[in-house]
Amino acid sequence: MEVLQYEFMRNALTAGILASIACGIVGTFVVVKRIVFISGGISHSAYGGIGLGYYFGFNPMLGAVLFSLMTAMTIGLVSKKPGQREDTLIGVMWAIGMAIGVVFIQITPGYTADLFSYLFGSILAVPTTDITLMFILDILIMVVVFIFFREFTAICFDEEFAALISYPKKLYLLLLCLVALTVVTLIRVVGIILVIAMITIPAGISAQFTESIKKMMFMSVLLGTIFTTLGLVLSYKFDIASGAAIILVSGVCYIFSLGIKYVNTCRKNNNFHLGKG
Amino acid sequence: MEKVLELKNIWVKFNNNIVLENVNLEVNKADFLGIVGPNGGGKTTLLKVILGFIKPAKGEVRFLGEKREKNLKYFGYVPQYNNFDRQFPISVWEVLVTGRLGQLGMFKQFTHRDKNIVLDALMKVGMLEAKDKSIGKLSGGQIQRVLIARALVMEPKILILDEPTANIDADMENKIYELLLELNSEIPIILVSHDKKVISSYVNRVVHLDRKISDYKEKIAMPSIL
């Protein structure tokens with residue numbers, strides 16, 4: 001436990017928990033609404049904002065906030081127009097954002113040392129300013145979800161029906177903006193490339209074992225915290241990128257959970273055939 | 001006879017294909033209207049025009065003499081139940097709560113009265129015992145009844161159903177129609193179905209839709225055949 005004396009270690013643990021809160025709550029909506037691909041597009045496009053931050057000399061994380069929000073709004077507004085193909089649009093935004101990032105980073109003079117950390121995460125090197133930003137985003141996400149929980153549930157369950165009773169278009173945009181903010185909280189922890197996994201894996205595991213959105217959220221936050229902490233330990237011990245370590249831990253658990261689910265289902269079916277169910 | 005819903009000269013085109021051609025329709029307070037017609041004849045499209053999900057190229061929909069937009073929360077819509085994600089983690093109770101959102105407003109609390117309305121709707125459709133079950137554990141007929149209950153908690157001024165008895169066994173089908181007949185004593189109902197026989201034994205008016213709307217003549221002839 002003496003490692004906790006180091007500030008970077010405390011920051012890393014805090015970052016893991018803050019990221020898990022955001023991805024547990026928002027990831028649950030992403031998984032049940034089946035918009036995983038949208039979250040992938042939003043996260044990759046954030047790279048453009050990071051490049052912009054490098055080139056113009058402001059905090060790249062703020063650039064990431066800007067770009068991911070812009071992508072979320074564009075996908076939300078344009079994809080529902082008649083004659084638009086949503087997944088094509090997502091693919092385009094995904095690629096354009098990455099390309100902008102690559103160009104701006106290339107024309108930035110000097111050596112861009114921690115570029116790798118934005119792509120693959122570097123939980124051991126999260127600066128305190130980013131912790132503050134993550135904390136603010138977490139509060140924002142929790143407040144918005146607390147206020148609009150029933151509305152979000154309604155549009156995720158049946159968007160058409162929700163059109164009769166509320167403002168689904170605006171709420172859907174708001175939900176996508178929450179996804180964008182969640183992406184930002186995750187960038188330092190797992191990196192842009194792997195954000196999509198952190199949003200989906202904890203919620204994906206929880207979805208198999210619970211039938212309530214609220215429980216799914218709590219379970220996902222808990223799982224996220226376990227995964228990031230375990231990943232952090234592995235990353236520190238073996239000096240590997242934290243993103244990869246965290247995702248590997250999560251991925252193994254996901255596969256394991258599929259196995260448990262499968263065995264459970266088989267057992268239930270057996271009981272049913274034997275007349276015990 | 002009080003006019004509730006009025007469609008005037010509705011035209012709908014998808015990629016230059018005419019799906020609905022100059023549709024005119026009036027629904028009165030006491031109506032139990034059946035819309036029949038072939039698959040691809042525009043039945044679901046017409047419902048979506050009525051509900052405002054599809055904007056017609058031409059024409060107007062009026063509800064209670066006003067523009068429909070203000071009153072969308074009074075459209076008790078019952079979609080086809082088999083379009084739902086059965087894995088969605090939501091209980092029967094929570095589904096019905098979403099039906100109250102239009103009447104609740106954005107920041108208002110779910111009051112005792114709201115609770116009673118939900119309970120009452122569950123009782124009407126006979127799903128009170130299943131209120132805490134998740135929808136993944138329900139049969140098709142049960143989901144259908146939950147969706148009807150969800151429409152009822154809206155305190156609707158019209159009920160609109162899309163193929164409510166598709167893939168449902170005959171016993172449950174009769175129960176659902178009996179329930180609809182009961183509800184019809186208070187509000188008008190529009191029901192879309194490709195099943196002409198069942199429909200014409202319950203509804204009091206049938207129209208035939210195949211791009212254009214026409215009166216359904218067979219209905220008059222049927223009693224003599226039977």
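Mentor: Start with B:Glu66 in β5(B): B:Glu66 is the bridge partner of B:Phe63. This is a predicted model, where local features need pLDDT of at least 70, side-chain atom pairs count only at pLDDT 80 or more, and totals for chains, interfaces and linings use all residues. Residues are numbered from 1 along each chain as its sequence is written, with chains lettered from A and ligands numbered from 1 in the order in which they are written.

Strand β4 of chain B, residues 58-63, pairs with β5(B) in the antiparallel sense over two bridges; strands (E, at least two residues) and helices (H or I, at least four) are DSSP runs numbered from the N terminus, and two strands pair if DSSP finds at least two bridges between them. In general, strands of a sheet pair through backbone hydrogen bonds, either parallel or antiparallel. Here in chain B, four strands make an open, antiparallel sheet in the order β2-β1-β4-β5. At its edges sit β2 (17-28) and β5 (66-67) of chain B, each pairing on one side only.

Chain B also meets chain A: 19 residues of chain B are in contact (C-beta atoms, placed from the backbone, within 7 Å) with 18 residues of chain A. On chain B's side, β6 (75-78) and α2 (92-104) each supply at least two residues, and α2(B) gives the most, with six. That side of chain B divides into 12 nonpolar residues, five polar and two charged; Ala, Val, Leu, Ile, Met, Phe, Trp, Tyr, Cys and Pro count as nonpolar, Asp, Glu, Lys and Arg as charged, and the others, Gly among them, as polar.

Technical notes: Contact = placed C-beta atoms within 7 Å.
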